[in-house]
Structure formats: C-alpha cells, structure tokens
Amino acid sequence: MAECYILWDESYLWGLLAWRAVDSFGIPYRLVKAQDIAQGLLSSNPPAVLLVPGGVARRKAERLGKTGMAEVRNYIESGGTYIGFCGGSGLGLTGRYGLGICPWTRAAMRDRMLHLISGHIHVSLSNDGAGLCHGAFADLIPADLPEEPLLPVWWPARFASEPATNVGVLAHYDKPGDDFWIADLPIASLPSGTFQDWEQVYGLTLKPDFIRGQPCIVAGTFGKGRYVLSYAHLETPASPQANGWLAHILATLTGETPLVREVPPWNLCSMPAQWEHPLLDRAGAIMRELLDLGRDHFLLFDRNDWLLGWRAGIPGSHLNHLCAMLQQCRAMEPSDEAIRVLEEEAAAFERALTGFHDEVSSYLLAERLAMTLSRTYPDAVSQKALQERREAIFGQAMEQSGLYADLLSTLDRVLWRQMRTGS
C-alpha cells in the first residue's frame, strides 16, 4: 500500500517538485486525482499521509468539490495526516475555499509587496509558550536541524494566526538568505544602507523585515488526525536543510525510512528526451525560442536550473510551468495511454502551439518596447493594451485561460498518464 498519496490536480510545476522529492526519498507513494478522492479512495484505502502540493487553493477546492472536500476532512478526522505546501497549505485553512482542518485563516494581502518575496530565508524554530511545538509536535522537528535553518519560499501567502490550543508553530520567518528576492530585485546585490536611503529619499519601504517573526510552518490536530501546513517549499530541489526536514516529517508520519535525505538538482534544460515525438520536439524548440527571446530582451532570466526569473509584470511563472511540464513529459518513456491522448489532441495542440508562439513573441517584444520608452515616452505603449493581451494569452492573475491553458491542460493529461504508471 502507498504510504503517501500526492494530489495531482492544479499543481503543475509544484506537483512535479513534490513527486520528485517523495520519489527521491524512496517513500512508497501514489499519485491521485481529486476525482479519486471524491469517489471514496481515502476511506476505502487510506494512506498514512495525503500530501497536497503548491498551486491555487481555490482551484484545488473546486476540483475536489463538496464531496471531495468532505472526504479529505473525514480522512483526517478519522486519524489521517495532511501535509500541504503553499497552495496546499492554504487549502488546509479555514475560509471559503478551505478544508477548515486548521482554525487559522489566510491573511488578507493588503500590500501586494508581501506576496513578491522568493528565495531562501532563515527561520527560527519555535516554542509558542504553550509548549506545543516542542511538546505535542516535537517529533516533527529533526534533532540535527540547525538552530536557524535555511528554507525556500516561493511567493508565499501568509497565515492569519490567532490563539488556538490545537495549533503549534514549528518555524517563524527570520532573516533573508543570500538568494532572497523582492519581485525581480535580489536583496544580496544591494549595498548596505540601500533600503534606508530609499525610504528617506523616495519614501519607499521595501525592507523584507515585514515578514520576520510571522509563522512559516505550523502543525496541528483535527479530530484523531494531524496536519502540517508549510509556506516553505521543503520539496525544493537541492535545498539540503529543507529536504532533510521533509524527509524527517515523512519518515515520522509514515514509519518509512528514507533512502536519502536530499532532493537531487533538477536541470530542466539538460534532461535527455526519452519520448521522441515530432510535436513534442517542436514544442520544445518553440519554448526554447520564446525563453531566449525573453532573456535577450531582459524580460526573463534564470534563477536556477529549474526556476525562471522575470521582470515584474511579465508572466514568467506561466512560462515556467509550461516548460517544466513539457520537459518532464519528454524526459519520460511514454505509456500507451499517453501516446493515445497526445495523438487524439495533436491537431488542437499544434494549432494552440503555433498561435502561442506568434502571440507570445509579439507580446514580449511589445513589453520590451514599453520598457525602453517608459522614461521618455511613457504612454507610447498602452499599459492597458499590454495587460489585455497578456490576459488573453495567459489568463488573469491566479487563473489560466487562453492558449496557455490549452497547452498546459493537454500536457497535464498526457503527463498524468505517463506518471501514474510509475507510481
């Protein structure tokens, strides 16, 4: 029996990261869909752990539906364990699109700047005064973890914390690490005193102190079960302290001994293709062309081997998701089902691919022109027109539509049929 179920729906890049981590650790797992859960999988064959990767909590809730959400709640209340990262963490909270297993809610994003942080940050291991962290949940913190471990966060939401006897904070945010960014600004590249100068001269407050002391990872109980909700992405490749903590949590909750305690690096561009298919090859060539175009015009850049960086306002996250899904699809041997689905959708996929290439190329060049003229002719390129075109191709914030959604959904269906044969 799989000790860990990983919810596939509405995860994309973040689902691949979670899958790579659990697979690397050697913990028995199974990839499941919201439909499986709604049909009673958790009650008929309960796992030790249900892991929900990042993504948009609302979209995950909509996929689960009322029945699926009730099934997850019943599973935990009956003694199951829930682990959620970022969007999966948000799904565990109380609110319109939450499971309500944790009484806390998601903090309102009154200042958009709070959502633009990314990279590694030190955290302080917590004792909340009631002894919850080093008492009821002490088993979730590895004994060999440094006093202020370095954990990755990728544009996290925030907890709205309030006193609760069954919730404990495992870690609070502390000081930024060397690769910490605000939007497209690397903090480590700034000379000492820059933030104070900006505040004094321009009245602009950007110091990352706004997040220090806030909860980052929490744990709690719900009925007979328990949960871990983390806005730190412990499954991030080649992040040893985060990976070691996740390996410990999974070992504690499943009883399985991890084969390793670190997730290997993930170089999207260097993975050899195992599935040679003309349509996938063309898609790969088009994605390389678009990413190179963005890099050449200072709109995109590489944060690391698996993560794009982008100038604020550019839909780099969407391109990153699409690139990750495509590259992982090409890097795996195709199953018969995957081949069938790709062939059934080949004509529509090819049309969407051609349109996506033309539309995104034109859009990126228009963004570059707007950036070039922004100081001397700020109204030369309409920001409203740019936004409308961006939304027509990719969808609105926290949504997905247009040609991007068409391509992503096809890759999602194909990759699901590849991956579930190996889980």
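1. Helix α8 covers residues 278-296, 19 residues in total. At 1.5 Å a residue it should span 27 Å, and its end C-alpha atoms are 27 Å apart, so expectation and model agree. Note that this is a predicted model.

2. Which residues of α8 are buried? They are Leu279, Leu280, Ala283, Gly284, Ile286, Met287, Leu290, Leu291, Leu293 and Gly294. An α-helix has 3.6 residues a turn, so residues three or four places apart point the same way. The list can be read with that spacing in mind.

3. What do the buried residues of α8 pack against? Two strands are involved, β14 (300-302) and β15 (308-310). Three helices are too: α9 (316-330), α10 (336-344) and α11 (346-373). After α8 comes phenylalanine 298, with a positive phi near 65°.

4. The largest nonpolar core holds 139 residues. Within this core, Tyr82, Ile217 and Phe356 touch the most other members. The core draws on both domain 1 (4-254) and domain 2 (278-422), with at least three residues from each.

5. Now the aromatic rings. A pair is described by the distance of the centres and the angle of the planes. With centres required to lie within 6.5 Å, the count is eleven aromatic pairs. Tryptophan 104 and phenylalanine 159 have ring centres 5.9 Å apart and planes at 65°; the angle is over 60 degrees, so the pair is edge-to-face.

6. Where do these two partners sit in the chain? Tryptophan 104 is in the loop between α5 (87-91) and β5 (105-106). Phenylalanine 159 is in strand β8 (residues 159-160). The pair thus links distant parts of the chain, 55 residues apart. Tryptophan 104 and phenylalanine 159 are both buried.

7. Tryptophan 154 and tryptophan 155 also pair, with ring centres 5.9 Å apart.

8. Two charged side chains lie over ring faces. Arginine 30 is over the face of tyrosine 5, at 5.7 Å from the ring centre. Lysine 33 is over the face of tryptophan 416, at 5.2 Å from the ring centre.

Terms used. Residues numbered from 1 in each chain as written. Predicted model: local features only at pLDDT ≥ 70, side-chain atom pairs only at ≥ 80, totals over all residues. Heavy atoms only, no water. Phe/Tyr/Trp six-rings, centres within 6.5 Å; stacked < 30°, edge-to-face > 60°. Helix = DSSP H or I, 4+ residues; strand = E, 2+ residues; numbered from the N terminus. Buried < 20%, exposed > 50% of the residue type's maximum accessible area, 1.4 Å probe, protein only. Lys NZ or Arg CZ within 6 Å of the ring centre and 35° of its normal. Expected span 1.5 Å × (residues − 1). Contact = heavy atoms within 4.5 Å. Core = buried A, V, L, I, M, F, W, Y, C linked by side-chain atoms within 4.5 Å. Domains from an automatic or database assignment.
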